[in-house]
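Welcome! Please take a moment to look over the sequence and the structure before reading on.

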Amino acid sequence: MLRINRTKLSQQDIANALQVDRNTIANWEKGENDIKSEYIPQLATLLGVEIKDLFEKESKSIKIGHNENIGKENSILNGAIIILNDKESVEKLVAIVQNSLRKE
């Protein structure tokens, strides 16, 4: 676990820095809840790692989902959810995006 192995920060320290409840941090660590994307860069900085290092190596998968919601005034809001469970998957996705951008 990065928090314990790389820092002396407690769950409460992380919670205070991210302005979330300590139970939120505990649930992230237990894998009961996914980390919202808005917290990932801050968490990586707090732990002194790159974003890709936040993802464990055990599970090797990329899960991509599509989300379509009705927003204000009945407009359709589209979004994508990408769950990367390991460092290798993050690196693969980064390479795919970089190659795609080079072709444009």
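## About the model

This is a predicted model, in which local features need pLDDT of at least 70, side-chain atom pairs count only at pLDDT 80 or more, and totals for chains, interfaces and linings use all residues. Residues are numbered from 1 along each chain as its sequence is written, and side-chain values use heavy atoms, with hydrogens and water left out.

Let us begin with Ile-4, which belongs to helix H1 (residues 2-6); helices are DSSP runs of H or I with at least four residues, numbered from the N terminus. Ile-4 counts as exposed because its relative accessibility is 52%, where exposed means over 50% relative accessible area, buried under 20% and partly exposed in between, with a 1.4 Å probe and protein chains only.

Thr-7 sits in the loop between H1 and helix H2 (11-18). With a relative accessible area of 17%, Thr-7 is buried. Thr-7 touches Leu-2, Leu-46 and Leu-47, leaving aside residues up to four places away in sequence; contact means heavy atoms within 4.5 Å.

## Where H2 meets H3

H2 packs with helix H3 (residues 22-30) at an angle of about 115°, and their axes are 8 Å apart. Axes are lines fitted to C-alpha atoms, for helices over the stretch in contact, and angles run from 0 to 180 degrees between N-to-C directions.

On the H2 side, the meeting residues are Gln-11, Gln-12, Ile-14, Ala-15 and Leu-18, and their partners in H3 are Arg-22, Ile-25, Ala-26, Trp-28 and Glu-29.

Key. Helices (H or I, at least four residues) and strands (E, at least two) are DSSP runs, numbered from the N terminus.
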